[in-house]
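Open the model in your viewer and keep the selection panel at hand. This tour moves from stop to stop, telling you what to select and what is there.

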Amino acid sequence: MTAVLDSVVTEPDSSRLHRLRHHNTTVWVTMLLASVASLVASFVLSIDALALAKDPHADLGCNINAVISCGTVGTSWQASLLGFPNAFLGLVFEPAVITLAVASLGGVRFPRWFMFSAQAIYTIALLFAYWLFEQAMFEIGALCPWCLLVTLATTLVFFELAYVNIRDDNLFLPRRVQAALTAFVRSNLDVMLVTAWLLVLVLAVVLKYGDALFA
Amino acid sequence: MSKQTRLRTQELREAQQAAAVKRAHRRFLTWAGALVIVGLVAAIVVTIMAAGGRERTLPDVNGAVVPPQHLTSSGAIPVGNTDAPVTVQIYYDYMCSFCGAFEEANSAELDRLVADGAVRVELHPLAFLDNLSSGTEYSMRTANDVAVVADAAPGSVWKFHSDLYAQQPEEGSEGLTDEQIAAIAADAGVPAAVVDRFTDGTYRPWVASVTKKAFASGVEHTPTVRINGQEFTGDLYSVGPLTDAIESAAGR
């Protein structure tokens with residue numbers, strides 16, 4: 001009886017796009033690419049931080065033409081919240097994400113507690129990334145392309161990690177919540193949510209800086 | 001039909017109905033999501049097109065360009081001894097945080113050198129950071145006000161200028177209010193009748209025109225500091241290097 005019900009209710013959408021999107025490889029490759037992008041951005045930002053440390057006035061001023069018109073992000077206190085450049089955090093943590101993605105592509109299954117902890121830690125990383133984005137947008141008033149790349153990549157990694165953990169039921173959630181999230185993910189509403197969210201960010205950037213960017 | 005079979009059929013029918021409701025629900029959410037996404041993309045495109053059609057953030061002010069009195073032949077606001085051996089030209093914007101850092105490091109030294117008659121400062125107030133004051137046009141307002149003071153109370157220009165930087169607002173804030181700026185001017189010794197002219201905006205067209213002229217003439221960022229016409233490329237943000245450069249220019 002329950003078998004019949006299940007097959008009626010879930011009724012997997014079998015379009016090619018749907019299958020590709022939910023394929024294990026797609027998920028981990030996306031995470032791998034995003035974490036590599038994040039690592040590269042962190043690397044560039046770290047080198048910039050060193051250059052700024054050596055010469056705090058390296059080409060600083062309120063530039064007339066650049067989008068980054070004034071008060072460069074790199075010299076703000078927010079850029080070294082913990083007493084060292086934030087980018088160093090990326091250098092430390094992104095390789096762990098890369099390892100996770102590569103190992104999973106190779107077929108490794110990590111224990112539930114491990115995946116749960118990864119999600120918890122990455123949630124902190126996501127909050128930090130968005131706090132920095134908010135500060136850069138509204139407090140520092142400047143755009144930093146590499147920082148934006150980190151924001152984007154962090155969002156994608158978080159999203160894929162959450163996808164896996166919902167799919168594999170790793171989050172120790174109440175059954176009702178778990179079922180709702182599973183249905184949400186199966187209907188691809190999560191993809192829509194992330195797409196809409198990223199578009200909102202793009203809209204915010206062009207609304208605030210469109211003049212400087214495109215005029 | 002046995003009782004059991006009937007029950008089974010009914011259960012199946014109910015399950016199918018529930019599934020249909022769920023499907024419709026999901027289809028609705030999918031369409032709503034797609035609509036939101038399309039709307040966002042449209043909004044982004046419209047914003048970019050609108051931005052592309054606008055001029056850059058250099059101020060555009062209608063009205064006749066009326067320069068304030070007492071300007072130098074190059075159109076700057078002079079401070080100090082006309083016959084001083086060294087001229088220091090400063091291009092700046094009152095919202096520019098790096099200009100604030102420059103003032104913090106050098107204003108006491110410049111004060112001393114001006115008082116000694118060793119240096120004459122030429123101020124070039126610009127207004128190109130109005131996009132950093134949440135729509136209150138802080139750069140434009142302050143540049144206009146300093147022009148008013150230069151016109152009618154030239155003796156107070158330097159103090160007013162320094163005091164504005166001493167209370168510089170954060171980039172991205174709304175800047176100081178007109179009342180706060182008026183209070184700073186009054187404290188700097190600007191007569192009340194002159195302060196009252198601040199809100200007339202008489203010199204806005206002049207500020208807009210000198211801002212454009214400065215950029216056209218090769219000023220690329222603020223602060224730009226020139227010593228006897230030569231751009232000073234040393235450290236602008238610590239005490240000493242500028243003074244040394246001025247002294248060596250005086251010795252030449």
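**Stop 1: a proline in a loop**

Select Pro223(B). Pro223(B) sits in the loop between strand E4 (221-222) and strand E5 (224-227) of chain B. The bond from Thr222(B) to Pro223(B) is cis, and its omega is near -5°. Why stop here? Most peptide bonds are trans. Keep in mind throughout that this is a predicted model.

**Stop 2: chain B as a whole**

Color chain B by secondary structure. Eight helices and six strands make up its elements. Walk along the sequence and the order reads α-β-β-α-β-α-α-α-α-α-β-β-β-α. Chain B has 252 residues, and 37% of them are buried. Next, consider contacts in chain B between residues at least 6 apart in sequence. Of these, 77% join residues at least 24 apart.

**Stop 3: two helices of chain B**

Select residues 97-115 of chain B, which form helix H2, and residues 157-166 of chain B, which form helix H4. How far apart are their axes, and at what angle do the helices pack? The axes are 10 Å apart, and the angle is about 155°. That angle makes H2(B) roughly antiparallel to H4(B), because angles over 145 degrees fall in that class. The crossing of H2(B) past H4(B) is left-handed.

Now show side chains at the contact. From H2(B), pick Gly100(B), Glu103(B), Ser107(B) and Val114(B). They meet Trp158(B), Ser162(B) and Tyr165(B) of H4(B). By class, the contact between H2(B) and H4(B) has three nonpolar residues, three polar and one charged.

**Stop 4: the nonpolar cores**

Stay in chain B and select Phe160(B) and Val207(B). In the largest nonpolar core, which has 57 residues, these two touch the most other members. Which helix gives this core its largest share? Select residues 138-152 of chain B: this is helix H3, and eight residues of the core come from it.

**Stop 5**

Is Asp151(B) buried or exposed? Asp151(B) counts as buried because it has 21 C-beta neighbours inside 10 Å, and 20 or more is the cut-off.

Set aside the neighbours within four places in sequence. Asp151(B) is then in contact with Pro68(B), Gln69(B) and His70(B). Now draw a distance from Asp151(B) to Val194(B). The two are 43 residues apart along the chain, yet their C-alpha atoms are separated by 9.1 Å.

**Stop 6: chain A as a whole**

Switch to chain A and color it by secondary structure. This chain has eight helices and one strand. In sequence order the pattern is α-α-α-β-α-α-α-α-α. Chain A has 215 residues, and 27% of them count as buried. Take its contacts between residues at least 6 apart in sequence: 78% of them join residues at least 24 apart.

**Stop 7: H6 and H7 of chain A**

Select residues 145-167 of chain A for helix H6 and residues 175-186 of chain A for helix H7. They pack at an angle of about 125°, with axes 9 Å apart. That angle makes H6(A) oblique to H7(A). H6(A) passes H7(A) in a left-handed crossing.

Show the residues that make the contact. On H6(A) they are Tyr163(A), Ile166(A) and Arg167(A). On H7(A) they are Leu181(A), Thr182(A) and Val185(A). The contact of H6(A) with H7(A) divides into four nonpolar residues, one polar and one charged.

**Stop 8: the loop between them**

End in the loop between H6 and H7 of chain A, where Asp169(A) is placed. Phe172(A) is in the loop between H6 and H7 of chain A too. Check their backbone angles. Most residues other than glycine have a negative phi. Phi of Asp169(A), however, is positive, near 55°. Phi of Phe172(A) is also positive, near 50°.

How exposed are they? Asp169(A) has 15 other C-beta atoms within 10 Å, so it is partly exposed. Phe172(A) has 10 other C-beta atoms within 10 Å, so Phe172(A) is exposed.

Technical notes: Residues numbered from 1 in each chain as written. Chains lettered and ligands numbered in written order. Predicted model: local features only at pLDDT ≥ 70, side-chain atom pairs only at ≥ 80, totals over all residues. Axes fitted to C-alpha atoms, helices over the stretch in contact; angles between N-to-C directions. Helix = DSSP H or I, 4+ residues; strand = E, 2+ residues; numbered from the N terminus. Parallel < 35°, antiparallel > 145°, perpendicular 65-115°, else oblique. Left-handed = near helix turned anticlockwise from the far one by under 90°. Contact = placed C-beta atoms within 7 Å. Nonpolar A, V, L, I, M, F, W, Y, C, P; charged D, E, K, R; others polar. Buried ≥ 20, exposed ≤ 12 C-beta atoms within 10 Å, placed from the backbone. Core = buried A, V, L, I, M, F, W, Y, C linked by C-beta atoms within 7 Å.
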